Amino acid sequence: MASRRGGRRILPSLGAGLSLASALALAVLLPGRPPARAGDGPPPADDPAADGLLAAAAASRAIDREIDRALAEAGLEPTGPSDDAEFLRRLSLDMLGVPPTEGEVLAFLASRDPSKRAAKVEELLAHPLHFDHAADLWGRLLFAGLRRYRSEERGRVQAWLAEGFRAGRGLDDLARDLVTASGNTNDDPALAYVLRFRDGGIPADIAGTTSRIFLGVQIQCAQCHDHPYERWKQGEFAGFAAFFNLVNPRPADPEDRRKGFVVEDPGLRQLERSRGRGGEGADIRGAARAAPRFLGGGEWTDREGTTRREALADWMLSRENPFFAKAMVNRVWSWWFGRGLVNPVDDFRSDNPPSHPALLETLALGLAESGFDQRFLLRAIAGSRAYGRTSRLPPGWEAGAPGAGGGGGGEGEAAREIALRRFDRAYGRGPVKPLTADQVFDSVLRVTGMDDAFRRANRAEIERVKEGLLRQFVSEIGDDETGESEQWAGSIPQGLLLMNGPLTQAGTRASGPAGRGDRVGILARENTLRRVLDEEKDAGARVGRLYLAALGRRPSAEEVREAAAFASRGKSDRGWEDLLWALLNGSEFMSNH
């Protein structure tokens with residue numbers, strides 16, 4: 001379907017090979033840059049790639065200025081910069097959803113390029129997995145908690161989102177399509193958003209979800225009563241829900257569901273009739289009779305040529321709207337830092353102010369100026385010192401932390417935990433957050449080499465295996481997208497699933513299949529462990545490669561000694577299987593830090 005672009009410029013993906021103008025812009029901005037050469041000159045004035053880099057670099061400085069100011073006011077000293085291995089693993093998980101490969105880690109550590117971190121950001125922004133990971137994040141959010149969401153529908157909308165990010169579409173364009181799409185679901189994957197509410201959730205559920213996801217406002221509790229703490233009243237919820245009144249998906253052919261569903265907007269006469277007597281779809285008090293009303297704004301008067309959902313999208317995405325840009329910034333920030341500038345991430349209200357209000361305003365303005373290009377935010381965050389800090393606390397930090405106290409026992413431990421939470425909420429160290437279900441699944445595949453096996457095997461069969469396993473992971477390791485993710489605290493079911501599941505068994509198995517029916521053994525035939533054992537005979541070299549593959553870093557000398565002694569016991573490969581299994585089940589692997 002056609003998208004309303006508004007004539008604004010969309011920033012292109014820069015890719016791994018930068019243009020001269022982009023390289024010059026980077027050289028101007030990056031510390032440790034080489035001296036300018038005679039005749040280089042400034043980058044062209046109307047180069048969108050250079051403009052994008054300059055805008056993101058300015059936003060990076062704003063991030064550090066505001067965070068450093070707040071830390072100083074609180075009397076907190078931030079940690080130092082992360083080392084290259086820590087930064088690369090963090091960036092890869094945030095950009096691609098998977099850790100770097102052994103080869104990628106070694107190449108990055110060996111590079112002496114002072115601007116290699118900025119270059120890696122651009123490389124990963126153009127990586128195919130980046131678009132898939134962005135689609136995974138937004139897809140999970142759009143369809144959170146919907147157990148009945150069919151894998152076919154999910155696959156189509158994920159592919160649509162990934163293609164949108166690949167084409168450089170702005171978050172506003174994607175949001176507009178999701179909110180306003182009409183027609184047959186077989187023709188337009190964006191209709192999956194409206195379709196998810198087909199079981200009686202229009203207009204009430206879609207109004208609450210749309211407000212929460214795209215505006216960061218939870219108005220759903222005003223569905224039954226006036227909000228006890230905020231300005232939202234029942235009448236305002238009814239007015240917002242009225243934008244979706246009579247938008248009811250119906251089968252294109254009741255006898256053949258394969259022909260999809262049809263979503264249409266009501267005409268003026270249909271809306272007029274519904275106001276008088278309730279009407280189909282009026283599942284909340286007064287929704288059908290209420291005049292459409294924007295949150296905190298005026299009423300919408302129905303007119304020919306513009307549907308109610310189009311009017312809502314126009315208001316949501318206008319420069320005058322106080323919600324959309326901030327909600328998008330806060331959402332992306334929470335994915336990268338583990339908590340929003342407003343937290344919970346979708347609960348903007350007067351008594352829940354942002355931790356860094358000026359920073360939120362600056363990033364929201366920058367996002368809007370970029371054409372709501374998500375890459376502006378990713379470049380700004382990845383280029384900041386705040387994101388690049390180490391997550392490791394210095395020795396003795398807890399004892400000397402402001403507010404930690406010096407008491408012993410449970411009281412002292414509780415005080416230190418409070419101090420650490422305060423430190424993390426001020427962004428005093430690099431972000432620490434648990435992996436999502438998708439990241440766990442994809443990371444195990446990549447680390448164990450099972451992703452190669454999945455690609456080479458029978459696609460239909462493997463996709464069925466993967467979908468079944470992922471459903472299990474999502475069920476047991478599902479995360480609360482509105483909750484805080486400051487520290488890893490896996491539950492017993494999560495640990496047991498990872499420890500005993502067929503995915504981990506196949507990935508940590510050194511032996512081949514025991515028979516034709518041994519699907520786990522068939523998948524494990526050419527995994528990472530088998531390759532390392534075949535290529536390396538020295539125990540220390542084996543340990544080093546397994547640490548690089550699983551944790552993205554070289555082991556310490558003590559780790560090499562202990563792991564080699566543990567894995568070399570006996571004459572079989574069982575010790576090496578146990579070592580890799582242990583690495584995959586530790587909190588270091590299961591968290592992004």
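Predicted model: local features only at pLDDT ≥ 70, side-chain atom pairs only at ≥ 80, totals over all residues.
1. Residues are numbered from 1 along each chain as its sequence is written, and side-chain values use heavy atoms, without hydrogens and water. Local features need pLDDT of at least 70 and side-chain atom pairs 80 or more, while totals for chains, interfaces and linings use all residues.

2. Helix α27 (residues 539–551) and helix α28 (residues 557–567) have axes that come within 9 Å and cross at roughly 110 degrees. The two are therefore roughly perpendicular (65 to 115 degrees). Ala 539, Gly 540, Val 543 and Tyr 547 of α27 meet Glu 559, Val 560, Ala 563 and Ala 564 of α28 (contact: heavy atoms within 4.5 Å). Of these contact residues, six are nonpolar, one is polar and one is charged.

3. The structure holds 42 salt bridges, each a side-chain nitrogen of Lys or Arg within 4 Å of a carboxyl oxygen of Asp or Glu. One network of them links Asp 64, Asp 68, Arg 385 and Arg 389.

4. Arg 117 and Asp 84 form a salt bridge, with the closest N and O atoms 3.1 Å apart. Arg 117 lies in helix α5 (residues 116–125) and Asp 84 in helix α3 (residues 84–96), so the pair ties together parts 33 residues apart in sequence.

5. Glu 66 pairs with Arg 65 in a salt bridge, the closest N and O atoms being 3.9 Å apart. Glu 66 is buried at 13% relative accessible area, whereas Arg 65 is partly exposed at 49% (buried: under 20%; exposed: over 50%; partly exposed: in between; 1.4 Å probe, protein chains only).

Methods: Axes fitted to C-alpha atoms, helices over the stretch in contact; angles between N-to-C directions. Helix = DSSP H or I, 4+ residues; strand = E, 2+ residues; numbered from the N terminus. Parallel < 35°, antiparallel > 145°, perpendicular 65-115°, else oblique. Nonpolar A, V, L, I, M, F, W, Y, C, P; charged D, E, K, R; others polar.
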